[in-house]
Amino acid sequence: MIRVNGLTKDYGARRAIDNLTFDAEQGEIVGFLGPNGAGKTTTMRILTGYMPPTDGTATVAGYDVVEESLEVRRRVGYLPETVPLYNDMTALEYLKFMASLRRIPDTEQRAYESLEAVNLEDRADSFIGTFSKGMRQRVGLAQALIHRPEVLILDEPTIGLDPAQIVEIRNVIREIGKDRTVLLSTHILSEAQQMCDRVLIINKGKIVTEDTPENLQSRLVGSQRVVLRVRGDSDGLNARITKVKGVRTVESKPDGSVEFEFGAGEDARPQVAKAVVQGGYELLEMRPVGMSLEEIFLELTRETSDDIKAS
Amino acid sequence: MRNIWIIAKREFDHYFISPIAYVVAFLILLTTGIIFAINIYYFIQNALQSFGQVPDISPITGAFGFLLVLSIPAVTMRTLADEARMGTLELLLTAPVRDFELVAGKWLGSFLFILTIVAVSLVYPIILNGLVSPGIDQQLVMSSYLGVILVAASFLALGVGISAVFTNQVAAFFVTLMTFVFLWWLIGFPAQVLQGSASEVFRYLDMKTHFYDSMNLGSIKLADLVYFVSLIALGLFTGTTAIETRRWR
């Protein structure tokens with residue numbers, strides 16, 4: 001549904017995105033993950049026909065974003081990061097206006113349906129100017145959904161929402177994503193992890209990596225670390241654990257716990273537990289210390305920054 | 001065409017909640033009302049001396065032309081500049097709407113608003129018609145009002161076009177006002193100083209001659225119509241180009 005090939009955009013001398021290539025299929029929610037200024041908004045603006053690229057091509061729903069811009073715009077629902085709304089209109093008036101620009105036959109009916117989808121139907125006749133940030137965000141999303149687009153492009157859809165609203169919006173997006181293509185940008189990693197089928201990590205205008213959230217985590221974490229705690233003294237414990245097959249490092253922590261590391265795919269935990277108990281220690285706790293997606297992300301984006309500096 | 005109408009309707013509705021629009025409508029109607037009252041008073045006072053002279057509508061429509069120079073920049077300044085500032089331009093530029101349709105819709109909406117004010121001012125010729133026997137010159141009313149409408153349409157197109165260039169509506173206001181002052185007054189001076197065909201060119205570009213020296217006197221000439229339609233086209237073209245340029249920035 002979305003095909004991007006060698007997409008490049010320059011703002012004067014500054015290169016905002018550099019030779020991006022990726023695809024997104026129908027029924028797939030793709031997360032665009034990156035720090036601020038990475039080129040997420042620029043890419044989305046090109047895909048929605050707002051601005052042309054400097055180089056490269058992109059097609060959305062089979063239409064070229066430059067040559068057949070109007071066809072693309074008909075098939076895309078877009079929620080810009082700034083959530084543009086008219087404060088002097090009511091939610092219903094605003095949606096009817098957008099619906100009429102999109103040639104939807106029964107604008108009023110559809111505007112109500114869209115408001116229902118984002119749980120705002122009881123505020124249909126309130127002026128947008130009186131809305132909270134979360135409500136504005138939901139009206140913006142209703143606008144993006146109103147023509148039941150084949151492709152939905154959402155720039156930071158949950159920013160500024162409270163936790164309950166975030167869950168709500170995520171459910172709405174996941175529901176839509178079942179039979180449509182959704183491309184959403186975020187800089188919140190847990191969000192990408194929870195919502196997306198696939199994550200593209202972008203930094204300084206380049207795609208750093210691309211995978212499912214699960215694969216990303218397991219691929220990038222080469223080893224597994226586990227924290228272990230016993231009752232009383234842990235003297236001599238290190239020596240016992242070190243002898244277990246697969247264990248790479250063992251380290252005593254100041255709080256009395258012991259942290260050990262083993263290679264991915266050679267789970268040493270059962271053996272370590274056996275060794276500890278056989279040694280006469282009372283095992284209280286054993287829990288994995290995962291490298292969070294945050295850490296992976298920082299690791300990856302730091303690497304690309306270093307690459308750029310080196311070159 | 002439908003998109004132009006949808007955008008025009010939204011623009012037109014917006015004027016009725018905008019304080020600037022009410023101020024503009026109030027000032028235009030107040031000023032023309034005062035001029036009308038003075039005009040009637042003058043004729044009644046001098047009814048015996050002014051043998052054969054009947055009051056006509058040209059002082060009202062004449063003042064209208066001048067009032068448009070001052071008020072239209074305030075009407076058009078926000079049309080596109082404010083959409084850019086509020087970010088709603090991104091919404092319109094990613095909707096299936098052509099850049100020209102957006103600019104033309106904005107122009108049409110503002111034109112319908114000014115047309116409403118002009119329509120309200122029709123009470124003056126109607127009152128005048130009742131006061132004068134056997135009635136006033138209908139043809140003069142029609143050509144003068146056509147002149148006012150064409151002046152308004154041209155100014156509005158130029159104003160919307162200039163608004164598309166700016167993100168700041170105050171900047172749009174001043175540039176629009178300067179353009180109108182130039183077209184309405186300044187461009188006439190070279191015509192008086194220069195000789196021959198150069199003088200003719202400037203005389204043709206001078207907007208007020210196309211209004212005061214022809215339509216407001218009761219004559220409708222093709223050259224005047226071409227002049228106003230060209231200005232409308234220029235304004236809409238400027239606006240469309242400015243929006244297209246925004247996309248490339």
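How many bridges join E1(A) to strand E2 (residues 14-24) of chain A? There are 7 bridges, and the two strands run antiparallel. Please keep in mind while reading that this is a predicted model.

1. Within their pairing, A:Val4 faces A:Phe22 of E2(A). The hairpin that the two strands form has 2 residues between them, and A:Gly12 adopts a positive phi near 60° there.

2. **The other partner of E1.** Strand E1 (residues 2-11) of chain A is also joined to strand E4 (residues 55-60) of chain A, in this case by 5 bridges, again with the strands antiparallel.

3. **A:Met1.** A:Met1 sits in the segment before E1 of chain A. Is this residue buried or exposed? A:Met1 is buried, because 21 other C-beta atoms lie within 10 Å and the cut-off for a buried residue is 20 or more. Leaving aside neighbours within four places in sequence, the contacts of A:Met1 include A:Ala24, A:Val60, A:Glu150, A:Val151 and A:Thr181. By contrast, A:Val226 is 225 residues from A:Met1 in sequence and 42 Å from A:Met1 in space, C-alpha to C-alpha.

4. **The sheet of 6 strands.** Chain A has another open sheet, with mixed pairing and the strand order E6-E7-E8-E3-E9-E10. Strand E6 (76-79) and strand E10 (206-211) of chain A stand at the edges; each has a single partner strand, so one side of each is left without a neighbour in the sheet. From one strand to the next, the twist averages 15°. At the E6 end, E6(A) pairs with strand E7 (residues 151-155) of chain A in the parallel sense, over 4 bridges. A:Gly77 has A:Leu152 in E7(A) as its bridge partner.

5. **Helices on that sheet.** Helix H1 (residues 40-47) of chain A packs on this sheet as well, touching strand E3 (29-33), E7, strand E8 (181-186) and strand E9 (198-203) of chain A. The direction of H1 makes about 150° with that of E7(A). Which strands does helix H5 (residues 133-145) of chain A lie across? H5 lies across E6 and E7 of chain A, and runs at about 165° to E6(A).

6. **Chain A as a whole.** Stepping back, chain A has 11 helices and 14 strands, and is divided into domain 1 (2-218) and domain 2 (222-289). The C-alpha centres of these two domains lie 46 Å apart. The radius of gyration of chain A is 25 Å, whereas a compact globule of 311 residues would have one near 19 Å. Along the principal axes, the C-alpha atoms fill a box of roughly 75 × 50 × 30 Å. Buried residues account for 39% of the 311 residues in chain A. Of the contacts between residues at least 6 apart in sequence, 67% join residues at least 24 apart.

7. **Where the chains meet.** Finally, the interface: 19 residues of chain A are in contact with 17 residues of chain B. On the chain A side, helix H2 (69-75) and helix H3 (91-101) each supply at least two residues. Which of the elements gives the most to this side? H3(A) does, with 4 residues. By class, the side of chain A that touches chain B has 11 nonpolar, 4 polar and 4 charged residues.

Methods
Residues numbered from 1 in each chain as written. Chains lettered and ligands numbered in written order. Predicted model: local features only at pLDDT ≥ 70, side-chain atom pairs only at ≥ 80, totals over all residues. Contact = placed C-beta atoms within 7 Å. Nonpolar A, V, L, I, M, F, W, Y, C, P; charged D, E, K, R; others polar. Pairing = 2+ DSSP bridges. Axes fitted to C-alpha atoms, helices over the stretch in contact; angles between N-to-C directions. Rg over C-alpha atoms; globule rule 2.2 N^0.38 Å. Buried ≥ 20, exposed ≤ 12 C-beta atoms within 10 Å, placed from the backbone. Domains from an automatic or database assignment.
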